[in-house]
Amino acid sequence: MKLFHQLLVAPAALGLLAPLAANATELNINGVSDYAATSALSSREQVTSITQFSDVYPTDWAYQALSNLIERYGCVAGYPNGTYRGNRAMTRFEAAALLNACLDRVTEVTDELKRLMKEFEKELAILKGRVDGLEARVGELEATQFSTTTKLSGKAEFTIGATSYGGDKTDDLQDPATGEYLGDTGTVFSYRTTLNLNTSFTGKDLLYTRLRTGNFGDNTFSGKGYTGKQTQIEASKSSENSLKVDKLWYQFPLGNDFQVFAGPLIENYYMLAATPGVYKHVLKQFKLGGYYGAYGASTSPGAGINWISNRNADYGDAKLKISANYVAKNGAKSDPNDGGIAGDRSKGKFLSQIAYGSPQWQVSAAYAYSQAGMTVGGAGTPAGLNKGGYSDANQFNLNAYYQPLDSGWIPSISVGWSITSFNQKDGFSDGDVTQSQGWLVGLNWQDAFMRGNRLGFAIGQPQFATALKNQGKDGNGYADDGNYAMELYYDFQVTDNITVTPALFYLSRPFGQETGDSASKGGAGADQFNTFGGLVLTTFKF
């Protein structure tokens with residue numbers, strides 16, 4: 001007998017087999033006659049819903065069980081007056097009548113199942129073969145998998161391109177590192193390979209390890225070329241043909257809405273609950289809605305926490321997000337005079353952010369306090385970055401973005417603005433930079449000209465000096481340090497894993513007010529200097 005037959009029969013059988021002696025006074029002959037009459041009537045007027053019983057209510061403890069027997073098997077009947085009399089004791093004869101009716105219905109269902117199994121015998125055999133094959137493949141994968149807790153993903157990027165310099169002293173350009181005179185840069189072909197190891201021990205935590213290698217060296221796209229980080233592309237940062245650990249941190253949830261981060265190799269913005277912008281960039285200075293001000297960072301030891309209201313709510317809902325974190329560039333050094341965490345010479349940055357919005361739109365504000373030696377801007381003019389000319393800095397960023405739900409001629413829009421106020425505990429000298437700013441507008445058209453492709457354009461001013469000590473009105477005058485940067489690119493989605501991106505970029509005055517100060521800054525005595533570049537980036541994801 002099948003298992004569900006046994007479960008159905010057992011309660012009634014126990015009652016039938018109980019060692020109880022029934023005599024004439026115990027047997028309700030009238031009740032049995034009524035029930036038998038009802039069972040006979042049920043063959044003609046079967047009870048199909050529990051609501052047909054006037055004395056059975058949803059609050060009764062056996063209501064659901066009785067409902068299932070009626071609607072699933074149709075083997076329960078009541079009395080001719082429309083009652084069930086659930087509180088009356090059942091006689092053995094009544095139990096036998098009910099059991100017999102239910103077994104007849106179960107036999108009918110079983111016969112129907114046998115007929116269906118016979119009819120679809122071939123299809124069921126094919127499905128069984130496929131399931132057995134899948135089980136064998138899963139077993140093979142489990143036996144040969146890299147790790148039971150770690151997932152590996154990767155990306156290889158090939159970059160070929162060059163830059164051209166324009167101005168009135170381009171014959172006098174001199175490499176500040178080697179002293180060699182430069183013309184336009186030669187065409188370079190470089191690569192970067194990234195391996196991401198995502199490890200989870202509980203299903204909710206993450207140990208993130210990133211490995212990288214490449215060969216950009218000091219070329220024009222590396223961030224170490226003639227115009228520095230203003231021509232650095234996102235795909236360039238790497239070690240010189242040697243694989244190294246580039247990022248390493250651990251994060252885990254705290255309750256339902258908090259996320260905690262800690263690691264020896266992390267940057268501030270990885271610990272934010274909200275991304276400030278959605279613009280997809282080629283030049284690194286256009287990341288994060290403008291890689292200026294508070295969002296400029298360096299990989300360092302650090303920790304942080306963020307909070308999202310109703311973190312597990314629907315994806316499209318608007319949410320409030322708050323983040324706070326700290327990194328120290330000298331955090332791996334033990335010398336208290338030139339290292340440590342949360343010290344005077346830690347080269348630390350504290351970053352906080354508040355944001356509100358949904359995946360379609362968002363507004364955010366960020367504040368950072370940066371010590372001397374910490375990155376105060378991802379890209380900018382020499383004066384705007386003010387390297388070494390301050391003891392600490394207060395930085396503030398405002399960002400917003402909007403992206404349409406459907407692709408079309410309306411682009412996603414990311415805007416950002418930053419301001420950095422420098423402090424000098426010993427006081428500034430005349431001409432020192434006391435303030436710098438930066439801004440960005442980035443546009444992306446998804447599915448541009450062809451499904452899966454993307455068109456991108458950005459324009460802005462990387463961090464540039466806007467105030468100098470004792471110059472101009474009230475001692476804080478306008479600095480002649482302006483420089484515009486822009487890029488235009490198009491992503492060709494060749495396959496799901498291969499993208500080819502041709503890109504052009506232009507810098508109107510990358511050295512700002514220091515243009516012409518020397519051969520290493522646009523040529524000695526130069527009044528004008530600009531940079532134009534082009535590249536083709538091919539990305540392979542695996």
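Phe-158 stands opposite Tyr-191 in S4. Strand S1 (residues 150-167) and S4 (residues 188-199) run antiparallel and share 12 bridges; strands here are DSSP E runs of at least two residues, numbered from the N terminus, and two of them pair if DSSP finds at least two bridges between them. This is a predicted model, where local features need pLDDT of at least 70, side-chain atom pairs count only at pLDDT 80 or more, and totals for chains, interfaces and linings use all residues. Residues are numbered from 1 along each chain as its sequence is written, and side-chain values use heavy atoms, with hydrogens and water left out.

S4 also pairs with S5 (residues 206-214), again antiparallel, over 8 bridges. Asn-198 sits opposite Tyr-208 in S5. The hairpin of S4 and S5 has 6 residues between the strands, and Gly-203 there takes a positive phi near 95 degrees.

## Aromatic rings

Tyr-208 turns up again in an aromatic cluster with Trp-249, Tyr-269, Tyr-270 and Tyr-291. Lys-287 lies over the face of Tyr-291, 5.2 Å from the ring centre; that label needs NZ of Lys or CZ of Arg within 6 Å of the ring centre and within 35 degrees of the ring normal.

The whole structure holds 20 aromatic pairs (Phe, Tyr or six-membered Trp rings with centres within 6.5 Å; planes under 30 degrees apart are stacked, over 60 edge-to-face, the rest tilted). Trp-439 and Tyr-484 make an edge-to-face one, at 6.3 Å centre to centre and 75 degrees between the planes. Trp-439 is in strand S14 and Tyr-484 in the loop between S16 and S17, so the pair ties together parts 45 residues apart in sequence.

Terms used: Helices (H or I, at least four residues) and strands (E, at least two) are DSSP runs, numbered from the N terminus.
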